[in-house]
Structures are given as structure tokens and as C-alpha cells.
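Colleague: I would like to learn how to read a model like this one. Please take me through a few features, with the general idea before each case.

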Amino acid sequence: MIKSFLSVAAASALAVPSAFAGVYINAESNDGYTGSDYTGRTIDLHVGYEGSVSKVDYYIHGGPAIKAVADVDGSTSSVSGKIGGTVNVSEKLGIYGEFSGFSYEDTDNHHGKKIGAKFSF
């Protein structure tokens, strides 16, 4: 399901002519804590595409994710990805959102979303 969604989103983003567009590599390490206790780390190694159409900036990236849980030997890998963008309402106000997902072989898929606004002074 997530892989199909990301494939359709990528094809849609690539079909849109844009004023600015480009391919990029995104490597990211995310550590998790509960209180001061370390719970684990996920490392994303993604290839992405970003662009801009009118007042909308968008991106999509995906690739392998390596997860290591605290106090457990070894790591697991999955496929992960993110798609998101910003609508620039004015020069000082942008509304943004992101959908992310992880596909694990032996467990349920994980996904997340965020939405927010950024006001610059």
C-alpha cells in the first residue's frame, strides 16, 4: 500500500513542470528516547526529488531504513519514504505538511503525518 502510494506520488510529482526541480540524496539519523533512556535509532538513506510550482514547494524521497533497537543485537531494514510540501500563502506565511511511511516485512507498516504553519518575522 505505502509503496504504491509513493510510486503514484513520485510519478505525479515528476509529471508537473516546475520552475525549480532537482534530485537529491538525504541521509538522516533519528535517535529515540523515553525520558533519558535511549530506545533506538533509525537511519534513512533516501534518494529524492524536489521542486516548486507557483506558490507550492514539494518533495518526495525514499529508500532503505535501518533500525536498531536498544538492548537488542543486530538491526532490521525496511523501505521508507516521505512526501510533503509547503504552500506559501504569503512572503511571511507558509503552511506545510508531510506524510511518511515505513514498510516492515514481519510487522504492520508504520506511517505518520504532520501539518503546520511557519510565520517569519
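Colleague: Which side chains meet in a salt bridge with E28?

Modeller: First, the ground rules. This is a predicted model, in which local features need pLDDT of at least 70 and side-chain atom pairs count only at pLDDT 80 or more, while totals for chains, interfaces and linings use all residues. Residues are numbered from 1 along each chain as its sequence is written, and side-chain values use heavy atoms, with hydrogens and water left out. Now the general idea: side chains of opposite charge can pair when their charged atoms come close. A salt bridge here is a side-chain nitrogen of Lys or Arg within 4 Å of a carboxyl oxygen of Asp or Glu. E28 meets K82 in this way, at 3.2 Å from N to O. The pair links distant parts of the chain, with E28 in strand 1 (residues 20-34) and K82 in strand 4, 54 residues apart. Strands are DSSP runs (E, at least two residues), numbered from the N terminus.

Colleague: How many salt bridges does the structure hold?

Modeller: There are 2. One of them joins the side chains of D31 and R41, at 2.6 Å from N to O. This pair also links distant parts of the chain: D31 lies in strand 1 and R41 in strand 2, 10 residues apart.

Colleague: Is K82 buried or exposed?

Modeller: The scale is relative accessible area: buried means under 20%, exposed over 50%, and partly exposed in between (1.4 Å probe, protein chains only). K82 counts as buried because its value is 15%. E28, at 25%, counts as partly exposed. D31 is partly exposed at 37%, and so is R41 at 33%.

Colleague: What does strand 4 pair with?

Modeller: Two strands pair if DSSP finds at least two bridges between them. Strand 4 (residues 76-88) pairs with strand 3 in the antiparallel sense over 12 bridges, and Y59 has G84 as its bridge partner there. Strand 4 also runs antiparallel to strand 5 (residues 93-103), joined by 10 bridges. In that pairing, V79 stands opposite S103.

Colleague: How many residues lie between the strands of each hairpin?

Modeller: Strand 3 and strand 4 form a hairpin with 6 residues between them, whereas 4 residues join strand 4 to strand 5. In the turn between strand 3 and strand 4, D71 has a positive phi of about 65°. D71 is exposed because its relative accessibility is 83%. The C-alpha atoms of D71 and T39 are separated by 8.3 Å, although these residues are 32 apart along the chain.

Colleague: Which side chain makes a polar contact with H46?

Modeller: A polar contact is a pair of N or O atoms within 3.5 Å; within protein, one must be able to donate a hydrogen and the other to accept it, and residues adjacent in sequence count only if both atoms are side-chain atoms. The partner of H46 is S80, at 2.6 Å. H46 sits in strand 2 (residues 37-53) and is buried, because its relative accessible area is 2%. Contact in the wider sense means heavy atoms within 4.5 Å. Leaving aside neighbours within four places in sequence, H46 has contacts that include Y24, N26, H61, P64 and G81.
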